[in-house]
Amino acid sequence: MATLIRSKLSNKLSNAATTVSNKSQAKVSGMFARMGFQAATDEEALGFAACDDLDYDHRQGMQMDILSSDEIGGEGSADGGALEGDSHYQRDGTGPPHSTSKDGDPTNELSEVRPKITAWEAGWNVTNAIQGMFVLGLPYAILHGGYLGLFLIIFAAVVCCYTGKILISCLYEEDEDGQLVRVRDSYVDIANACCAPRFPALGGHVVNVAQIIELVMTCILYVVVSGNLMYNSFPNMPISQKSWAIIATAALLPCAFLKNLKAVSKFSLLCTMAHFVINVLVIAYCLSRARDWAWEKVKFYIDVKKFPISIGIIVFSYTSQIFLPSLEGNMQRPSEFHCMMNWTHIAACILKGLFALVAYLTWADETKEVITDNLPPTIRAVVNLFLVAKALLSYPLPFFAAVEVLEKTFFQEGARSYFPDCYGGDGRLKSWGLTLRCSLVVFTLLMAIYVPHFALLMGLTGSLTGAGLCFLLPSLFHLKLLWRKLLWHQVFFDVAIFVIGGICSISGFIHSMEGLIEAFNHNVEE
């Protein structure tokens, strides 16, 4: 009996010692495995894999991305679709269901071969953005700023070119080998990365709101300028500017049924060329009156109340930062992006400065908010009709972009959406989707009717969202994401741009609002 008891105790002690030995060995093995000396046990290996996964998720920066479930030369799922996720990526090919397009067909964004654009094509797109119809308000900025207004045109070009470059630099991070890798895709991704980890979605919401405001205000400006141009082209007709705005909006109602911009994009080049011809005609007329130019009217003094409005007008005419990340990502040679930004902004600066100065010298104190209103009646009617056609054909672009942002934010299917999807399974637009689009068109009309002041609205938009998207946010994001790698002069430039942009934005917004309130109280129309 005693022998049996001793054998049982011996077995238990032996088992306990073996267990302790195994655990100690596992810990030691794991420690050495972390140092790279030997392989870890299965239990330790699972722990390391978990740590690697957490570290992998952390390095993604809480960004939205799309991963393909099939890899070239590897194993994956049979469908080969694209996977969508937040920060939790599946390395083994499992994940959320495949996304579908609005036409009901599955999408595979990574496997789809998208044509890349050259630096010249990218520069053409940037030129379209910063050489649009809104240069018609630049002579009005010279009216209230004189030579300082010309300097501001040059200064805004330099700053917007610089902030565009630093915004793109925020898309990249260095890998272990010191090579730059594109880890973000959009302005929203940059904003979210700056606000992570405490508020991972706050920055994206701020950028989306600013983007919607700017796009909607651009649509409103197109309706305002259409009504203004038609009213001044046919002053003898018993039709008011508001009535012309309503007629223009009636022609824009089909925009509510747009599902893509293929049809509209065909007219983009034609519209741009027409606008270039219009600018040439205006400058040619001004040159024909060069003997009467009023050089003495161009002074160094500024109108303290109205010059901040001019700042917003000039800044708004240079806004292109919203689509720069997408544009750079679609370039055949992204390394040519900086060179492209240089020559596009230099060209814009020269053309805008000459156009504004020559037009102001021709009409001096009689310069109107839309410079074509100063032309003789016969020339004015022809030029204005071309401009109205360009405005109406340009309206669908910001309108469709604003609708897409609203749909993705509030109507996209998923747990985070506020409303049901605007599209059915067959790709058709649902009733509430059509209501959203029609409401947006009507909203732009109402704003154009009740606030028919092109220059004031342009200054307000430039001060509110233009300065924020072009000056404030790029410099702030650059400091936040690349602080440790910046040189002292880069930090100085970013801080200076942020401070100057903030002052200009606040003062321009206040004076634009004062101008609108004054015009509204006195029932002043352009």
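This is a predicted model: local features need pLDDT of at least 70, side-chain atom pairs count only at pLDDT 80 or more; totals for chains, interfaces and linings use all residues.
## The chain as a whole

The chain contains 18 helices and four strands. Of its 526 residues, 45% are buried.

## Helices H7 and H17

Two packed helices are described by the angle between their axes and the distance between the axes. Helix H7 spans residues 202–233 and helix H17 spans residues 454–481; they pack at an angle of about 155°, and their axes are 10 Å apart. Because angles over 145 degrees count as roughly antiparallel, H7 is roughly antiparallel to H17. The crossing of H7 with H17 is left-handed.

On the H7 side, the residues in contact include Val207, Ile213, Met217 and Val225. Those on the H17 side include Phe454, Met458, Thr461 and Leu473. By class, the contact of H7 with H17 has 14 nonpolar residues, four polar and one charged.

## Helices H11 and H18

Helix H11 (residues 307–316) packs against helix H18 (residues 488–521) at an angle of about 115°, with the axes 8 Å apart. H11 and H18 are therefore roughly perpendicular to each other. H11 passes H18 in a left-handed crossing.

Pro308, Ile309 and Ile311 of H11 meet Cys504, Ser507, Gly508, His511 and Ser512 of H18. The contact of H11 with H18 has four nonpolar residues, four polar and no charged ones.

Technical notes
Residues are numbered from 1 along each chain as its sequence is written. Side-chain values use heavy atoms; hydrogens and water are left out. Axes are lines fitted to C-alpha atoms, for helices over the stretch in contact, and angles run from 0 to 180 degrees between N-to-C directions. Helices (H or I, at least four residues) and strands (E, at least two) are DSSP runs, numbered from the N terminus. Angles under 35 degrees count as roughly parallel, over 145 as roughly antiparallel, 65 to 115 as roughly perpendicular and the rest as oblique. A crossing is left-handed if the near helix is turned anticlockwise from the far one by less than a right angle, and right-handed if clockwise. Contact means heavy atoms within 4.5 Å. Ala, Val, Leu, Ile, Met, Phe, Trp, Tyr, Cys and Pro count as nonpolar, Asp, Glu, Lys and Arg as charged, and the others, Gly among them, as polar. Buried means under 20% relative accessible area, exposed over 50%, partly exposed in between (1.4 Å probe, protein chains only).
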